[in-house]
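Here are my notes on a few local features. Please read them against the model below.

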Amino acid sequence: MNVDAVKWLHVEASSRCNAWCPACPRNVNGYGLRSGLVETDLDIDSFVETLNALPNLEAVQFCGNDGDPIAHRNFVDLIDLIPDDVFVQIHTNGSLRNRAWWKQLAQSLEYRRHEIYFGIDGLEDTHRIYRQNTDWNKIIANASQFINNNGTAVWQF
């Protein structure tokens, strides 16, 4: 494979998540981790090595099959390692962290093209059915904090 042809990098930053969504592949119908899943974060040095190996990278997408990228213990550090001209896309349930952290993330992304997809399924009265163990009000507060600090957000449902 010619690494010069790679323009888009999909990153699984963490296999940890606070949610227990019924259809998620990381668990068993929303109850308990699937057998063999190890909860861990992407090694920062490995991420840097990968970025350095892809000279024509145009976008980095943080998404999770086995976890929420925001769960990475040093997620903002990962963002800060990405070259400024590279588009950043993040998918999250949005219920992790606090408002101060979301402000910090918005500031790290402020001068680059970016989007955060907040996985918000339903409204306050139904969200808990689809995104178990998350708090709709906290998600709205986090997303609002991000948006109010010049973050670009998308409501994914």
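1. Asn142 is in contact (heavy atoms within 4.5 Å) with Gly94, Ser95, Leu96, Arg97, Asn98, Arg99 and Trp102, leaving aside its neighbours within four places in sequence. Asn142 is found in helix H5, residues 136–148. Helices here are DSSP runs of H or I with at least four residues, strands are E runs of at least two, and both are numbered from the N terminus. Asn142 is buried, with a relative accessible area of 1%. Buried means under 20% relative accessible area, exposed over 50%, and partly exposed in between (1.4 Å probe, protein chains only).

2. This is a predicted model: local features need pLDDT of at least 70, side-chain atom pairs count only at pLDDT 80 or more, and totals for chains, interfaces and linings use all residues. Residues are numbered from 1 along each chain as its sequence is written, and side-chain values use heavy atoms, with hydrogens and water left out.

3. Arg97, one of the contacts of Asn142, has a positive phi of about 75° and is not a glycine. Arg97 sits in the loop between strand S3 (87–92) and helix H3 (99–109). Its relative accessibility is 26%, so Arg97 counts as partly exposed.

4. Most residues other than glycine have a negative phi. Asn150 lies in the loop between H5 and strand S5 (153–156). With 52% relative accessibility, Asn150 counts as exposed.

5. Trp155 is found in strand S5. Trp155 is partly exposed, at 42% relative accessible area.
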